[in-house]
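Please look through the structure below before reading on.

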Amino acid sequence: MRHDLDHHEGQRVSRRRLIAGVGSIGLAGLLAACGRDGGTVTTSTGQTVSPQATASTSADLAALFGAANTCTLTASTTQGPYYFDADKIRSDIREDRAGTRLRVAIRVQDSEQCGPLANAVVEIWHCDADGLYSGAEAQSSGASGGGTSSGGTPPSGAPGGNPPTGNPPGGGAAPGGGAEGSAADLTPTDDKRYLRGAQVTNADGIVEFTTIWPGWYRGRTTHIHAMVHVGDNRVLTTQMMFDEALNSKVYAAAPYAAHTGRDTFNDNDNIFAETMLMKVVEDGDGYLSVINFSVDADRDGT
């Protein structure tokens, strides 16, 4: 399978307001609501709800973002072979996955105005400690029928089975980097959805997720995928990465230590860039990581 193809709560949906219905909104409904500047949306259960912003950005995040500020347009990469709309509007994406706790905070800015972009939808997805992607466990294990990542020969060739075909929802290839952004959305091959989720940026342009430190698979350095939607448009598809000293520290402990044979690091990964590195600090029993995304919200090329 082609892992090498992959070289490529902020305005949280309020748990108090949406606890009964948020899981059934789905990404399309959330995008529609955000496109109406926070209007209401009807869930699949018939409930009318509306995205609600958190009141403010916490002091720890504000300080970290102040040290990581940039308004340079964030580079796009391909979405890779394992993206699909997981229909998971949530901040805690761990489910049953074991690993070192990681808070991921992302600030979205308009590249032209150099200011926060509210009501943008941010999705993230990444592999677990064994290198597996939910919805694609068989493909990401290199097997035809699932199993765990073996850490064996780096994958090559096409993913197991027929490659995904067709265009992303809304028509046309996914924007964000020309040919590099043209990978088609995956049709999931299992019903798992761990380590996938979406949130809405608050007035400060910030979203926050709780996840685990991502694992690795051969042929790629440690990374988290991210996609930013403004209205119905995918305005950025990119990746986030980590300092190798921290990767080594995390991977020395369970459950990561059982997965051996890592062959690709930041210095020999084929899409790593310094601008993709998250700023990371210790946070209780885990870590807090932050990064700025500067996006072309009106898609005029600037």
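Predicted model: local features only at pLDDT ≥ 70, side-chain atom pairs only at ≥ 80, totals over all residues.

Residues are numbered from 1 along each chain as its sequence is written, and side-chain values use heavy atoms, with hydrogens and water left out.

Start with the sheet. Helices (H or I, at least four residues) and strands (E, at least two) are DSSP runs, numbered from the N terminus. Two strands pair if DSSP finds at least two bridges between them. Here four strands make up an open, antiparallel sheet in the order β6-β5-β8-β9. Strands β6 (196–200) and β9 (233–240) are at the edges with a single partner strand each, so one side of each has no neighbour in the sheet. Strand β8 (residues 224–230) pairs with β9 over seven bridges in the antiparallel sense. His229 has Arg234, in β9, as its bridge partner.

Next come the aromatic rings. Rings of Phe, Tyr and Trp (its six-membered ring) pair if their centres lie within 6.5 Å; planes under 30 degrees apart count as stacked, over 60 as edge-to-face and the rest as tilted. By this rule there are six aromatic pairs. One of them is the tilted pair of Tyr83 and Trp125, with 4.8 Å centre to centre and 50 degrees between the planes. Tyr83 lies in the loop between α3 (59–67) and β3 (101–110) and Trp125 in strand β5 (residues 121–125), so the pair ties together parts 42 residues apart in sequence.

Trp213 and Tyr287 form an edge-to-face pair, 5.3 Å centre to centre with 65 degrees between the planes. This pair links distant parts of the chain, 74 residues apart: Trp213 is in the loop between β7 and β8, and Tyr287 is in strand β11 (residues 286–295). Trp213 is buried at 0% relative accessibility, and Tyr287 is buried at 8%.

Finally, consider the charged side chains. Glu208 is in strand β7 (residues 206–212) and is buried, at 10% relative accessibility. The side chains of Glu208 and Arg103 are joined by a polar contact of 2.5 Å. A polar contact is a pair of N or O atoms within 3.5 Å; within protein, one must be able to donate a hydrogen and the other to accept it, and residues adjacent in sequence count only if both atoms are side-chain atoms. The charged end of Arg97 sits over the ring of Tyr194, 3.9 Å from its centre (the rule: NZ of Lys or CZ of Arg within 6 Å of the ring centre and within 35 degrees of the ring normal).

Terms used. Buried < 20%, exposed > 50% of the residue type's maximum accessible area, 1.4 Å probe, protein only.
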